[in-house]
Amino acid sequence: MVALAASGGIAHGETKSSPDQKRERGMAKGLTLLTFRSMGSQPGELKLGVKTDKGILDVQQAAKSLNMHAPATMDDLLQNEDGPSLQALVAAAEKSKSAVSAYLKEDGIKYGPLVNRPEKIVCVGLNYRHHAEEIGAPIPKQPVLFNKFNNTLNHHNGAVKLPVDNAKKFDYEVELVIVIGKQAHLVSESDALNYVAGYATGNDFTARDLQLETGGQWMVGKTPDQFAPLGPYMVTADQIDPDKLKLECRVNGETRQSSTTSDFIFNTRQIISYITKFITLRPGDIIFTGTPEGVIQGKPKTSRCGLSPETRLPVAWRSWGN
């Protein structure tokens, strides 16, 4: 990860001084957040940004200009529950002339993975009624869980390097992603959304032949490198009704998936509550909530199209035959 603007967090695997325990803790509110790559003295360094009317606020640069503490990365923000510090910085930067240089034009930045070191990436399979119908699967009686790992994390406008030798049937899966903001264990459905820091869009990219034609190898089919594009933004939870959102996936300009989270089999409250019966969720963990209808797997075999291993995203399409 990155060097911090003030204190606390982890930088490139190095443990830094722990955050001031007296500092107020909590989740950020009213913000649209992203991760971008530094173009300055440390090229490629991952940094926390805030999308504003003035441009993208470079949080680390603003903290330096204003001599204030702020989380330098999305992971620091989430895992240290450092929302109040970020709120204070954003408010101060808005009013201060000394922070003008910390605002960047978004078309000039390069995105990084929205999060980079979550403790857990939990995924829900088969969570849209119409998707279950299109692939001829029964409606599950409880959430079907699997996982990805951090090696899969990818960024907005990123490329997925497709395996050439051992997989050919690649599929897209647009999904709503829940970002956890505080530790959650045995959480009730009624209280579940109080543990959410925000929401993002993601893609549970999948190699269907590895997933389904090698003895049910879901982990192998779901977790090759870069198979979890995420972002570009995390919108804080206070601004979103997660069960009334429209999701779309377009491939080379063609809309392939278009649905709403109102088609969820298990809504966000139920998902969080169910997971925490078995697994303690921690700040910075993310949950992929399932994909709607329109995936390649749900199409007739004669009209299936897949990604060419020789191309980058966005991609050309070719036959996905058996």
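Accessible areas here come from the Shrake-Rupley method with a 1.4 Å probe, and for residues only the protein chains shown count as cover. On that basis the surface of this chain comes to about 14600 Å², with 49% of it belonging to carbon and sulfur atoms.

Some ground rules. This is a predicted model, where local features need pLDDT of at least 70 and side-chain atom pairs count only at pLDDT 80 or more, while totals for chains, interfaces and linings use all residues. Residues are numbered from 1 along each chain as its sequence is written, and side-chain values use heavy atoms, leaving out hydrogens and water.

The chain has seven helices and 21 strands; these are DSSP runs, numbered from the N terminus, with helices being H or I of at least four residues and strands E of at least two. Of its 322 residues, 53% are buried, meaning under 20% relative accessible area with a 1.4 Å probe, protein chains only.

Now to one helix, α3. It has 13 residues and reaches 19 Å from first C-alpha to last, close to the 18 Å expected at 1.5 Å a residue; the expected span is 1.5 Å times one less than the number of residues. Its buried residues are Gly83, Ser85, Leu86, Leu89, Val90 and Ala93.

What about Serine 85, buried or exposed? Serine 85 is buried, at a relative accessible area of 9%. Leaving aside residues up to four places away in sequence, Serine 85 touches Arg23, His69, Ala70 and Pro71, where contact means heavy atoms within 4.5 Å.

Methods
Buried < 20%, exposed > 50% of the residue type's maximum accessible area, 1.4 Å probe, protein only.
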